[in-house]
Amino acid sequence: MILENALVSPIWLNYLAAIHGFSPVNLESEFNYGNLADGNIQPLQELAASYPQGQFIRISPSLILENVPALDFLAVSPQALHNNNLEFYIKNTLKINGLLWIAYPALPAAWTLQWLKEWIIAYSKNLSPNLSTLEKWREGLNYLQLCVEKKIGHLATNVALQALVETYLKYNDAQLSEAISNTDWQMFHFSDILSRFKLAGLQFVGTLPISSNYAQTIVPIELSALTNTHRECLEQHKVLWDTQCYRYELYIKSSETPCLNAKLFEKFYFGTLQPECQLQITIQNQQHQLQINYIEEPYFSVIQQLVQYPHNLEMLTEKINLKQSELIEAIQLLVLGGEFRPFVKSFDETTLQNNQQLRFSDYNYQKLHSHDWKYPKIVLASPILGDAVELDSIDALLLYCLTETTPEQVPLLALEVLKYHQQYLSIENEAIIEQAMQLEVLVQLFDHLMEEKLHYWLALKVIYFY
Amino acid sequence: MEIKPLVEWADQLSVGIEEIDEQHKVLIKLINNLYEAIIKKTDLHTVDNILTELVEYTVVHFAVEESLMRIFDYAQYEEHKKHHQELAAQVMDIREKVKARKTAVSMELLNFLRSWLTNHIMIEDKHYTPCFLGKGVKSKWSKGGWTGKIWDFVKK
C-alpha cells in the first residue's frame, strides 16, 4: 500500500521533530497548516480530508494572501524560496514551536540533475529530425543506460547519475517533459537555506524521509548521537555525499535546546499497514546498506503488539515490561525499517450493528463519485493514519456501491457504473469483456471484500458507519 | 402445532437462475411468516414488522432484477419495470392500510399476496430467463450466491 503524503503529513513532521528532541504540534485539537505553493492542490486536499480537525490553507508563493491565521505548520515549495520576503513572512505567520517544511533542489547532488538535463538536450540536437523531442530524449536516456551497463565514463562510478538515469527511464512522457524542460528552478546550498531560516528564528530539525536521518550517514556514529546533537554539523557532512537531488527538510521556530524524552512521544500511536512483518530488513542507499534484525527482544514483543492495532506508549508499557525510553528506541528502529509508522489515532472497535449505514467522508465520496474508473488505483483519505492511502479501484468501486445501495445490488450496481463509464473489469491488467463474466467476478470480489478487507478500511476510517 | 405453509416452493417456480430463485424463496418465506402470524393470532406489531420486511425486500428484489435487465439490455425492460412499480405499489398500499388499521390481515389478503407473488414469478419473471441465460448469466453462482450471506450479515 502506498502512502501519498508521507513527506508532508503533520504526523510525520511531528514524529521527525520528536525524534530530534523537539515538541510536536498537538493534533488532537484544531491546528493550521499553510502550504506556500502553486500547482497541484490535490495533496493538500488529501491532507485536509485526513485531518478533519485541521485547517489547511493554500498560500501563493508571492505571499499576497492576507489575513492568514497563525500557522502551526508551514510547507514551503521551492518557488517560494525566490521570494526575499520569505523570512519576514515566516517570522510573522509561524507560531512559536511551529514546524516549517521545505523542499528544494540541493547542491551538490542537484548538479547531477543539471548535467543530465543539459547532456540530454545537447545529445538530442544530433538525432534525426523525424523523431519527436520526447523520442530524442528517450534515445539519449537509452544511450546513457548502455553506458551504465558497459561502465563507460562518468556513468561507471557516479552512482547518483546512475540512479537518476534509472528514474528518468521510468518516467511517463509528462514527467519526463517536466523534468527536462522545466527551466524555472534554482539550486540551493543547505548552508544558505540554514542561514536564511536562522534569521527567521528557526532551528534545523532533520530531513525526510525519516530513514534519511539515520541510514544515509557515512559518519560512524551512535544512533542517539545522530538524532540528538550536532545536527547542523552532521548535516553539512551528509550534504556533501548525498545523492538525492531534492532535499526535504524540517525546521522549528524555537530557541530551546532539543531534549529527547518520553513525553515527546506520548501522543503518537505506532502501528503498521502490513498484515505480517518481516523480521530482518535491509535498508540501502547507493553506497551503503544497513541490516536490521527484529528477531531479538524487545523488537519481537513490540512487533507482536503493533501488528494487531496501533498502540501508544502507555498501552505498550502495560503489555511489555520495559522502560518507556527502551520502548521508544525499539519503535524508532521499527519505523526506520519502513514497515511501521506513527498513526494519529488507534483503531476503533468497530462492530457491525443492525441497520447501520456505511458512508464516506465528503472528500472521499466526491472523489469516488467523480472517478471514471479508468485507473487501477485510487487514493482516499484516512483520518486514523493522517494520510491518504491507495486502494485497488475495484475495491473502492464496490465500497462506493455499498454506500449507495443494498448489499444484494452491489455487484450489479458496480457493473452498471463500469458500463456507464465504458470501462471493463480488469484482472491482472486483462479486461473482461463479457458482461456475465464481469458480474460473476464482481460477485466473488465483493464476497472477498466483505470477508477479508472491509474491516481494514473501517479500521482506517476510509469508510465508516453512521 | 405444525402449520402448513401457504405457499410452497416447487420446481415449477424456478426461473432457472439460482440467485433470483433464492430471492423468490425469501419472498415466499416472508408471506408464509405472515400467514403463520395470523393463524397463531400474533400481535399486530409483529405482523407490521413482517409486512415492512416484505415491502423492503420486494423493493430490493425488483431493483436487482431491473439492474440485471439494464446490464444485459433486456428488450422488455421498460414494460417489466412498470409492472414492478405496480406490484410494489400494491404491497406498499397493503402495508399502509394495515398500519393505519384500515384493513385487517385476513385470509383474503393473504390469498391476494400469494397470487401477487406467484403470478410475478410464474408469468413475468420467466420471460427474462432466456435472455439472461443467452447472454452468459450462469444458472448457478460459483459461491452459492451473495444474497443470503450478505443479507444475513447486515440484518443479523
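Start by selecting A:Glu118 and A:Ala122: both are exposed, on the face of helix 4 of chain A that is turned away from its buried side. Keep in mind as you look around that this is a predicted model.

Select A:Ala109, A:Ala110, A:Thr112, A:Leu113, A:Leu116 and A:Ile120, which are the buried residues of helix 4 of chain A. Look down the helix axis and you'll find them within an arc of 145°, so they line one face of the helix. The general rule behind such a pattern is that an α-helix has 3.6 residues a turn, so residues three or four places apart point the same way.

What do these buried residues pack against? Bring up strand 4 (94–107), helix 5 (133–150), helix 7 (159–170) and helix 8 (173–181) of chain A, and you have their packing partners.

While helix 4 of chain A is on screen, try its length. It covers residues 109–124, and at 1.5 Å a residue those 16 residues should span 22 Å; the end C-alpha atoms sit 24 Å apart, which agrees.

Next, click on A:Val159, which belongs to helix 7 of chain A. Is A:Val159 buried or partly exposed? It counts as partly exposed, because 15 other C-beta atoms lie within 10 Å, and a buried residue would need 20 or more.

Then go to strand 6 of chain A, residues 203–208. This strand is mostly covered, with five of its six residues buried. Show strand 7 of chain A (residues 246–252) as well: the two run antiparallel and are joined by five bridges.

Now colour by domain. Chain A splits into domain 1 (10–108 + 185–260), domain 2 (111–181), domain 3 (263–343) and domain 4 (358–465). Taken over C-alpha atoms, the centres of domain 2 and domain 4 of chain A are separated by 39 Å.

Last stop: a hairpin. Select strand 13 (residues 377–382) and strand 14 (residues 387–392) of chain A, an antiparallel pair held by six bridges. A:Ile378 has A:Leu391 of strand 14 of chain A as its bridge partner. Finish at the turn, where four residues lie between the strands and A:Gly386 takes a positive phi near 70°.

Note on methods:
Residues numbered from 1 in each chain as written. Chains lettered and ligands numbered in written order. Predicted model: local features only at pLDDT ≥ 70, side-chain atom pairs only at ≥ 80, totals over all residues. Pairing = 2+ DSSP bridges. Domains from an automatic or database assignment. Buried ≥ 20, exposed ≤ 12 C-beta atoms within 10 Å, placed from the backbone. Expected span 1.5 Å × (residues − 1). Arc of directions from axis to C-beta. Contact = placed C-beta atoms within 7 Å.
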